[in-house]
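Opening the notebook on a new model today. I'll jot down what I look up as I go.

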Amino acid sequence: MKTYTVNHHSATPDGRVLRDFDAIKREHLSRGYRDVGYHWVIERVNDILVAIPGRAEWDVGAHCPKRNYDGIAVCVIGNFEKEFPDEELYQFTAEVCRNIQSRHPIIETAGHGDYDNTLCPGKNFDLSYLRKLIREGSKLIDDVKITIKGKEIIGKLINGKTYAPVRELVEALNNTVVWDSSDKSVTIR
Ligand SMILES: [Zn+2]
């Protein structure tokens, strides 16, 4: 039974266009493994985040001796000793972990370094933030309360950026908005 997810990084930069998964699999096979050691690999291919399945989730992994039997390995491509995962990558990884939790009685989202003397998944990979995202669900789009000179309007948080309806925002600032439908432009006076 699988009761842990164990997060790793590849400690290599994302090739972006190429599937880094293939290089990792080749390398693991050359070490004598019967398959890639991880269950999932997350990376950008042609700049789109994908989760590539490695070993079947129920299969014994080859990634962390103490958790190979009861852990599902999620490897995120990148070197998070040097770079920082962006918001999109955290959200995507959380989604993959939540998906795993829908199939297995996971009791802990762990990092490789919890069990071995390794820097993996890197000091810049914030596991507590990942756990929070897994718990709370996706927050890619959410309502935000914006108060302007005592007047409240509702904006949207989309992927870490706050958006507000222009007319309400500008009128709260006592300016006027002119909408020109001929060229779809907005002028603030
Ligand atoms: Zn690792």
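Predicted model: local features only at pLDDT ≥ 70, side-chain atom pairs only at ≥ 80, totals over all residues.

Contact, as I use the word here, holds for two residues whose C-beta atoms, placed from the backbone, lie within 7 Å.

Entry: Leaving aside neighbours within four places in sequence, Cys 75 touches His 8, His 9, Ser 10, Tyr 38 and Val 41.

**Entry: His 63.** Is His 63 buried or exposed? I found His 63 in the loop between β3 and β4, and it counts as buried because it has 24 C-beta neighbours inside 10 Å. Leaving aside neighbours within four places in sequence, the contacts of His 63 are Val 6, His 8, Gly 37, Tyr 38, Asn 68 and Ala 73. I also took the C-alpha to C-alpha distance from His 63 to Asn 7: 9.7 Å, for a pair 56 residues apart in sequence.

**Entry: helix α1.** This helix covers residues 20-30, and I get Asp 20, Phe 21 and Ile 24 as buried. Looking down the axis of α1, I see the buried residues within an arc of 100°, so they line one face of the helix. An α-helix has 3.6 residues a turn, so residues three or four places apart point the same way. On the other side of α1, I have Arg 26 and Ser 30 as exposed. The cover over the buried residues of α1 includes β2 (40-45) and β3 (48-53). Just after α1, I noted a positive phi of about 100° at Gly 32.

**Entry: helix α2.** I checked the span of α2 (residues 87-101): 15 residues, 21 Å from first C-alpha to last, close to the 21 Å expected at 1.5 Å a residue. Which residues of α2 are buried? I have Leu 89, Phe 92, Thr 93, Ala 94, Cys 97 and Ile 100. Their cover includes β1 (4-9), β2, β3, β4 (71-76), β5 (108-111) and α3 (127-136).

Entry: Most residues other than glycine have a negative phi, and most peptide bonds are trans. I went after the exceptions.
- Asp 47 has a phi near 65°; I found Asp 47 in the loop between β2 and β3, and it counts as exposed with 8 C-beta neighbours inside 10 Å.
- Lys 149 has a positive phi of about 45°; this residue is in the loop between β6 (141-148) and β7, and I count it as exposed with 7 C-beta neighbours inside 10 Å.
- Cys 120 and Pro 121 are joined by a cis peptide bond, omega about 5°; Pro 121 lies in the loop between β5 and α3.

Entry: The domain assignment gives me domain 1 (4-136) and domain 2 (141-188). Over C-alpha atoms, I get 39 Å between the two centres. How many of the 8 residues of β7 (residues 151-158) are buried? The count is 0, and I'd call the strand hardly covered. I then looked for the partner of β7: 3 bridges join it to β8 (residues 161-163), running antiparallel. In one of the bridges, Leu 157 pairs with Thr 162 of β8.

Key: Residues numbered from 1 in each chain as written. Buried ≥ 20, exposed ≤ 12 C-beta atoms within 10 Å, placed from the backbone. Helix = DSSP H or I, 4+ residues; strand = E, 2+ residues; numbered from the N terminus. Arc of directions from axis to C-beta. Expected span 1.5 Å × (residues − 1). Domains from an automatic or database assignment. Pairing = 2+ DSSP bridges.
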